Amino acid sequence: MAVVMAGFVDFEITWRADVFSGAPQESSAANFGTVGINFRARRAKNSEEWHAALASLSCEVPA
Amino acid sequence: MKSQTATNKTLSIPDLDLGDLRQAIQEEYKVVAENPDHGFHFHTGRTLANILGYDESWLDGIPERAVESFAGTGNPFSLGELRMADRVVDVGSGAGIDSLIAAKMVGPDGHVVGVDMTPAMLVRARQAGQEAGLDNVEFREGFGEALPVFDGWADVVISNGVLNLMPDKSVALEEMARVLKPDGRLQIADILVEKPVPEGAKRNIDLWTG
């Protein structure tokens with residue numbers, strides 16, 4: 001959501017993996033389930049495209 | 001160019017001082033720059049590049065001084081190869097490996113600006129750039145939250161393992177959007193934390209750098 005709020009559209013995480021295991025020093029990463037990721041997005045072409053992406057984030061709260 | 005002055009304000013995370021955090025990060029990555037064989041809580045160098053799926057051909061011609069101090073969490077180039085003549089900003093460019101790979105990909109008509117806040121890393125990256133003979137790449141001192149780049153300059157923003165070191169992700173992402181052209185591409189490697197992080201851990205600077 002933060003990515004879209006910053007002005008981007010088409011946010012997508014494409015990859016995730018444990019990139020810390022086996023490091024020379026013990027890492028706290030595993031304690032927090034920390035994984036490496038790749039993600040991409042695109043700056044909106046214009047305000048209309050961005051506002052459409054923002055609108056898609058909204059959801060109805062059940063009564 | 002934006003001339004925002006980065007301050008040592010306390011952020012939304014109580015008791016976390018931005019100046020103290022940046023100093024701790026700079027101290028950690030100074031060691032990565034100057035003593036890459038020290039052994040860290042993360043992988044570095046060519047071993048890391050292999051783990052992250054960097055193509056061997058990308059490293060051709062990249063000076064060892066940039067490769068051996070490489071630290072990152074993913075592979076921005078796997079998200080789409082860069083195009084000839086692209087303008088690229090590398091946020092948190094470190095010892096310069098990703099900036100130099102990008103400079104090779106975009107060719108002589110392209111341009112790459114690497115931005116880093118750690119002087120020791122900038123020294124190493126500039127030396128590597130000279131050694132590689134690439135004159136379409138430069139390294140500027142600056143913060144991710146106040147990039148020293150004009151509005152709408154870049155076709156692509158890349159970053160590798162740096163966004164997680166900036167407490168205010170929203171400001172950092174807004175800066176990336178600011179320097180990109182409309183329809184510009186964001187290709188980021190970072191970390192994802194899949195378990196809740198206790199408030200005390202968020203204030204522990206040692207955990208930010210490790």
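Entry 1: The model is a predicted one: local features need pLDDT of at least 70, side-chain atom pairs count only at pLDDT 80 or more, and totals for chains, interfaces and linings use all residues. Residues are numbered from 1 along each chain as its sequence is written, while chains are lettered from A and ligands numbered from 1 in the order in which they are written. I noted that β2(A) and β5(B) (residues 180–193) pair in the antiparallel sense over nine bridges. Strands pair if DSSP finds at least two bridges between them; strands (E, at least two residues) and helices (H or I, at least four) are DSSP runs, numbered from the N terminus.

**Entry 2: the contact between the chains.** I read that the contact takes 32 residues from chain A and 36 residues from chain B. Residues are in contact if their C-beta atoms, placed from the backbone, lie within 7 Å. On the side of chain A that touches chain B, α1 (2–5), β1 (8–17) and β2 (34–43) of chain A each supply at least two residues. The most comes from β2(A), with 10 residues.

**Entry 3: helix α4 of chain B.** I asked how many residues of α4(B) (residues 97–106) are buried. Nine of the 10 are buried, so α4(B) is largely enclosed by the rest of the structure. A buried residue has 20 or more other C-beta atoms within 10 Å of its own, with C-beta atoms placed from the backbone. I listed the buried residues of α4(B), among them Ile97(B), Asp98(B) and Lys104(B). Just after α4(B), I found that Gly107(B) takes a positive phi of about 75 degrees.

Note on methods:
Two residues are in contact if their C-beta atoms, placed from the backbone, lie within 7 Å. A residue is buried if 20 or more other C-beta atoms lie within 10 Å of its own, exposed if 12 or fewer, and partly exposed in between; C-beta atoms are placed from the backbone.
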